Amino acid sequence: MVLGVILRYFALGTDGVLRYQRSEDAEPRVCVPAACRRQVLEAAHGGDVLVGHPGVTRTTTAVSRHYYWKSLHKDVAHFVRSCENWCRELAPDMQAWSARLEEEIDSIPERSVPY
Ligand SMILES: [Zn+2]
């Protein structure tokens, strides 16, 4: 029964919040109604001064860590690619620079002897 399989991933909490959790998920994720998805996307991508317009992958990771909706991946990709605040002109250069910096940091061997 397909409907039974789908419904077993969802649970309505006593707080009235619908959550989604598959067996491989460590934590349940809050199901976000369509009317609130833009706020979630803005917060994860660049609505906060501490979030510097990450790319599609990082934004998807950030959103899907705590939230769920069926078209989440598609919506994140569309939101990031249509971000007019910053991403269209500056972000590709900054993201490339950030990726190179992360690679360089990852290549630094960890010290096994304490300082
Ligand atoms: Zn952006």
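Reader: How are helix 3 and helix 4 oriented to each other?
Author: In this predicted model, local features need pLDDT of at least 70, side-chain atom pairs count only at pLDDT 80 or more, and totals for chains, interfaces and linings use all residues. Residues are numbered from 1 along each chain as its sequence is written. Helix 3 and helix 4 pack at an angle of about 135°, with their axes 9 Å apart. Angles under 35 degrees count as roughly parallel, over 145 as roughly antiparallel, 65 to 115 as roughly perpendicular and the rest as oblique, and the two helices are therefore oblique.

Reader: How many nonpolar, polar and charged residues make up the contact of helix 3 with helix 4?
Author: Contact requires C-beta atoms, placed from the backbone, within 7 Å. Val56, Thr59, Thr60, Val63 and Ser64 in helix 3 meet Leu72, His73, Val76, Ala77 and Val80 in helix 4. With Ala, Val, Leu, Ile, Met, Phe, Trp, Tyr, Cys and Pro counted as nonpolar, Asp, Glu, Lys and Arg as charged, and the others, Gly among them, as polar, the division is six nonpolar, four polar and no charged.

Reader: Is Lys70 buried or exposed?
Author: Lys70 lies in the loop between strand 4 (67–68) and helix 4 (72–81). A residue is buried if 20 or more other C-beta atoms, placed from the backbone, lie within 10 Å of its own, exposed if 12 or fewer, and partly exposed in between. Because Lys70 has 9 other C-beta atoms within 10 Å, this residue is exposed.

Reader: Which exposed residues does helix 4 carry on the face turned away from its buried side?
Author: Val76, Phe79 and Val80 are buried in helix 4. The face turned away from the buried side of helix 4 carries the exposed residues Lys74 and Arg81.

Technical notes: Helices (H or I, at least four residues) and strands (E, at least two) are DSSP runs, numbered from the N terminus. Axes are lines fitted to C-alpha atoms, for helices over the stretch in contact, and angles run from 0 to 180 degrees between N-to-C directions. Two residues are in contact if their C-beta atoms, placed from the backbone, lie within 7 Å.
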